[in-house]
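Open the structure in your viewer and keep the selection tool at hand. The tour goes from one selection to the next.

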Amino acid sequence: MVKAPMSELIAMGPQKPNDAQEMGLPKQESIPLKATLKEISVEFVMRTKIHGLKFVFSPDKSRPQRVVWILAFLLCLSLLFTWSWNRILYLMSYPAVTKIYMVWAHNMSFPAVTFCNKNVFRASTMTKDDLYHSGYWMDLLYPNHTVIKESLSILKDSHKQGLLSLLDFENYTPPPDYRINTTEMMGRLGHQLEDMLLECRFRGETCTYKNFSTIYTRYGKCYTFNSGLDGNPLLTTLKGGTGNGLEIMLDIQQDEYLPVWGETDETSYEAGIKVQIHSQNEPPFIDQLGFGVAPGFQTFVSCQQQLLQYLPPPWGDCKSTPIDSEYFSTYSITACRIDCETRYLLENCNCRMVHMPGTSTVCTPEQYKECADPALDFLVEKDNDYCVCQTPCNMTRYGKELSMVKIPSKASAKYLAKKFNKTEQYIGENILVLDIFFEALNYEKIEQKKAYEIAGLLGDIGGQMGLFIGASVLTILEIFDYLYEVFKDKVLGYFLRKKRPQRCQSDNLEFPENPTSPGVTPNHAPRAPVTPSGVTRTVSDSRRTCYLVTRL
């Protein structure tokens with residue numbers, strides 16, 4: 001047996017680290033063994049909280065038992081996915097519910113009350129100039145200003161001698177510089193509130209015509225109580241019931257009504273007033289939304305305020321964006337309708353009606369007759385595509401309950417006739433009383449809410465996960481942790497192995513104790529001689545780690 005010299009034996013076995021130190025090379029650290037994919041998967045299956053998964057892969061279970069567990073697990077998993085997909089589809093349908101509840105208040109703002117006399121022009125205030133320029137509009141004259149015989153015969157039977165004298169235009173010559181002003185004519189010929197208003201009280205306190213604001217509608221000159229305009233503050237009420245709101249007595253002045261000799265948009269077959277109760281933020285649309293009050297009755301209107309809140313798309317169909325209008329700053333259905341009608345007449349007739357906003361030219365009576373009235377009637381009744389107004393997301397409306405009693409009674413007829421210096425017949429045909437009040441000091445809130453949101457979806461899916469597979473949010477984290485371990489083993493491990501340095505060849509070794517001769521580079525150092533003992537020393541060129549290979 002050949003023994004190696006002592007100098008060579010020192011570098012063998014346990015002395016290997018010392019050899020590396022002698023050569024000035026770093027120590028070689030030990031690398032722990034990495035777990036395989038199978039080991040990672042087995043560890044995940046055994047420690048996961050998903051019910052049934054450990055029994056599917058358990059070695060203690062027989063094959064029939066594992067088959068049963070597999071079927072049960074797949075069934076529960078399919079039920080979980082089916083129900084979760086159903087909940088996702090329900091969320092994507094954007095469901096909404098409507099909630100209605102009552103809110104009590106200590107005081108409430110009183111609404112705006114707009115009313116108009118059903119008659120547009122007073123017969124006694126008309127002049128020859130008015131009839132000459134507006135007679136064609138009223139179906140009294142032809143376009144050449146000659147009197148229509150049918151209308152004249154009806155007018156004779158109505159005993160309106162004043163109008164008959166005004167219709168004689170034989171010796172009449174209109175002023176050369178006279179231009180009809182439709183707005184001024186409507187304001188002058190309409191019923192004046194100081195003549196119509198006999199009594200007015202709000203919450204028991206006396207009010208006058210000065211508490212009303214003038215506004216124009218398709219009925220001509222109208223009046224609004226508690227409009228918030230003209231410097232008048234908004235009024236509030238502290239109680240509900242009769243006597244805690246607005247009570248007015250009006251004379252509709254039927255003697256001033258124009259005789260009906262033809263059918264026009266300004267012709268009225270009714271006697272009385274039209275009333276609309278609305279909020280101060282929206283203009284009145286009384287010809288479409290108003291209710292009638294007849295003379296000879298006291299009408300009680302019990303109101304309840306309703307606040308409506310709708311959802312914008314995709315949950316609802318309300319308009320949440322500001323109104324695109326040069327006439328109104330707050331969006332409402334009536335503001336949208338009036339704005340649309342104004343633009344429609346400006347496009348088709350190059351003028352606007354008196355009640356329409358803006359500074360454009362007001363239509364003349366001839367333009368009313370030939371263009372404005374027919375165009376607006378067509379827009380309101382036939383054209384449903386031009387003016388499409390969405391419901392605002394927030395709006396206030398007033399529910400109403402009407403009741404009425406006869407006025408005057410037989411006992412009060414003489415008193416009222418004497419008080420207002422009228423006949424009993426006149427009182428019965430012209431006097432009406434309107435009483436508007438809150439039913440109670442509360443309001444109804446109708447609110448549209450989302451029926452299903454992300455929180456509900458997560459709750460439903462989480463509940464079904466716990467029911468079917470016993471999982472939770474932390475279980476999902478376990479799955480992500482398992483996927484991370486797999487990714488680290490397969491992907492990152494691949495790149496780490498690819499970057500690991502290769503061992504050098506035996507001919508690229510250098511020996512510290514045998515330095516290269518002058519003129520010879522370290523890479524071309526001579527090979528180490530083989531010792532008689534058969535022990536060869538090799539050195540890694542990259543890591544400078546020394547290995548001993550012994551050939552026996």
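**First stop: the pocket**

The largest pocket has a volume of about 590 Å³ (the space filled by probe spheres set on grid points, which are joined across faces, edges and corners). A pocket here is an open set of points on a 1 Å grid over the protein atoms alone, where a 1.4 Å probe fits, with protein on both sides within 12 Å along at least five of seven lines; lining residues have an atom within 4 Å of a point. This is a predicted model, in which local features need pLDDT of at least 70 and side-chain atom pairs pLDDT 80 or more, while totals for chains, interfaces and linings use all residues. Residues are numbered from 1 along each chain as its sequence is written, and side-chain values use heavy atoms, without hydrogens and water.

Select I215, L229, P283, P284 and F328: of the 31 lining residues, these lie nearest the centre of the largest pocket. Then colour β6 (212–217), which gives the largest share of the lining, 5 residues.

**Second stop: two helices**

Select α5 (63–92) and α16 (residues 454–468). Their axes, lines fitted to C-alpha atoms over the stretch in contact, are 10 Å apart, at an angle of about 170 degrees. The two helices therefore count as roughly antiparallel (over 145 degrees). Residues in the contact (heavy atoms within 4.5 Å) include W83 and R87 of α5 and D460 and F468 of α16.

**Last stop: F57**

Select F57, in the loop between α4 (53–56) and α5. F57 counts as exposed because its relative accessibility is 54% (exposed means over 50%, with a 1.4 Å probe and protein chains only).

Note on methods. Helix = DSSP H or I, 4+ residues; strand = E, 2+ residues; numbered from the N terminus. Buried < 20%, exposed > 50% of the residue type's maximum accessible area, 1.4 Å probe, protein only. Axes fitted to C-alpha atoms, helices over the stretch in contact; angles between N-to-C directions. Parallel < 35°, antiparallel > 145°, perpendicular 65-115°, else oblique.
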